[in-house]
Amino acid sequence: MTEAHLTTPRMADVRIAHTAELAPATLKAARTLLYDVFDDMTAEDWEHSLGGLHALIHEDGELIAHASIVQRRLLHGGRALRCGYVEGVGVRADRRGRGHGAALMDALERVVHSGYDLGALGASDEAATFYAARGWQLWRGRSWALTPDGIQRTADEDGCIYVLPVAATPLDLDTDLTCDWRDGDVW
């Protein structure tokens, strides 16, 4: 895949690139940005942001915003759905409120609609309104994880999972949703 530059109505130049295409310095800058944005960021959280597509915004050669989308499998209604899972959405503190987060999400939502059965993400209380305003829907059913020890309930995640439906994939937001396994926070 080659890099693409997308221009949004907010005039932010969003660069889309796969993890494998990013220079070590860019990955380091993204990781540093996310550690600055989130005071509870862990090495596993960073790991979850890798292996898919990154949406990046630079100003004056400096990374000011990052988000990524990675493929996961979610089980719903007896089907394994190909999910574009959004991770590592962050905008530098002094650049917030200027549409950069929306520009990142515009780019990733296009990826969801063109390549996945649905989008999903775990939202903090502070970010939930932002995602809901963009059409992401709160998953009202129970959440689960397919772990090495079998399917286990993830009740702490209930009320934090948002999905972006794709027209061709019927979803019942009031039923169970199970994610695939990964180290750290599974959702």
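Tutor: What follows takes the labels one at a time and sets each value against its definition, bearing in mind throughout that this is a predicted model.

Student: Why is alanine 128 called buried?

Tutor: The relative accessibility of alanine 128 is 15%, and buried means under 20%, so alanine 128 counts as buried. Alanine 128 belongs to helix α4, and, leaving aside residues up to four places away in sequence, it touches Ala123 and Tyr162. Tyrosine 162 is 34 residues from alanine 128 along the chain, with 8.2 Å between their C-alpha atoms.

Student: Why is leucine 146 called partly exposed?

Tutor: Its relative accessibility is 38%, whereas buried requires a value under 20% and exposed a value over 50%, and therefore leucine 146 falls in the class in between, partly exposed. The residue sits in strand β8, which spans residues 143-147.

Student: Which residues does leucine 146 touch, once those up to four places away in sequence are not counted?

Tutor: Leucine 146 touches Leu75, Ile151, Thr178, Cys179, Asp180 and Trp181, where contact means heavy atoms within 4.5 Å. In the case of leucine 75, the separation in sequence is 71 residues, while the C-alpha atoms are 9.0 Å apart in space.

Student: Why does alanine 20 count as exposed?

Tutor: With exposed meaning over 50%, a relative accessibility of 69% puts alanine 20 in that class, and therefore it counts as exposed. Alanine 20 is in the loop between β2 and α1; from threonine 147, which is 127 residues away in sequence, it is separated by 28 Å, C-alpha to C-alpha.

Student: Where does glycine 51 lie, and what does it touch?

Tutor: Glycine 51 is in the loop between α2 and β3, and its contacts, not counting residues up to four places away in sequence, are His18, Thr19 and Val70.

Student: What makes a set of residues a nonpolar core, and which members touch the most others in the largest one?

Tutor: The largest nonpolar core has 30 residues, of which Ile57, Ile69, Val86, Leu121, Tyr131 and Trp136 touch the most other members. The elements that give two or more residues to this core are β2, β3, β4, β5, α3, α4 and β10, and α3 provides the largest share, 7 residues. Apart from this core lies another, of 16 residues, among them Tyr85, Val163, Leu177 and Cys179.

Student: What does tyrosine 131 touch, residues up to four places away in sequence not being counted?

Tutor: Tyrosine 131 touches Val89, Met105, Leu121, Ala123 and Trp136.

Student: How much space lies in the largest pocket, and which residues are closest to its centre?

Tutor: The largest pocket holds about 1,000 Å³ of space, and it is lined by 35 residues, of which Phe38, Val89, Gly122, Ala123 and Ser124 are the closest to its centre. Two or more lining residues come from each of α2, β5, α3, β6 and α4, with the largest share, 7 residues, coming from β5. By class, the lining has 15 nonpolar, 10 polar and 10 charged residues.

Student: How do you know where the N-acetyltransferase domain lies?

Tutor: That placement comes from UniProt, where an unreviewed entry gives the domain at residues 17-167, and such annotations may be inferred rather than shown by experiment. In the model, that span is 30% helix and 38% strand, and its end C-alpha atoms lie 26 Å apart.

Terms used: Residues are numbered from 1 along each chain as its sequence is written. This is a predicted model: local features need pLDDT of at least 70, side-chain atom pairs count only at pLDDT 80 or more; totals for chains, interfaces and linings use all residues. Side-chain values use heavy atoms; hydrogens and water are left out. Helices (H or I, at least four residues) and strands (E, at least two) are DSSP runs, numbered from the N terminus. On a 1 Å grid over the protein atoms alone, a cavity is a set of points where a 1.4 Å probe fits but cannot get out, and a pocket is an open set with protein on both sides within 12 Å along at least five of seven lines; lining residues have an atom within 4 Å of a point. Grid points are joined across faces, edges and corners, and a volume is the space filled by probe spheres set on the points. Ala, Val, Leu, Ile, Met, Phe, Trp, Tyr, Cys and Pro count as nonpolar, Asp, Glu, Lys and Arg as charged, and the others, Gly among them, as polar. A nonpolar core is a set of buried Ala, Val, Leu, Ile, Met, Phe, Trp, Tyr and Cys residues joined through side-chain atoms within 4.5 Å. Buried means under 20% relative accessible area, exposed over 50%, partly exposed in between (1.4 Å probe, protein chains only).
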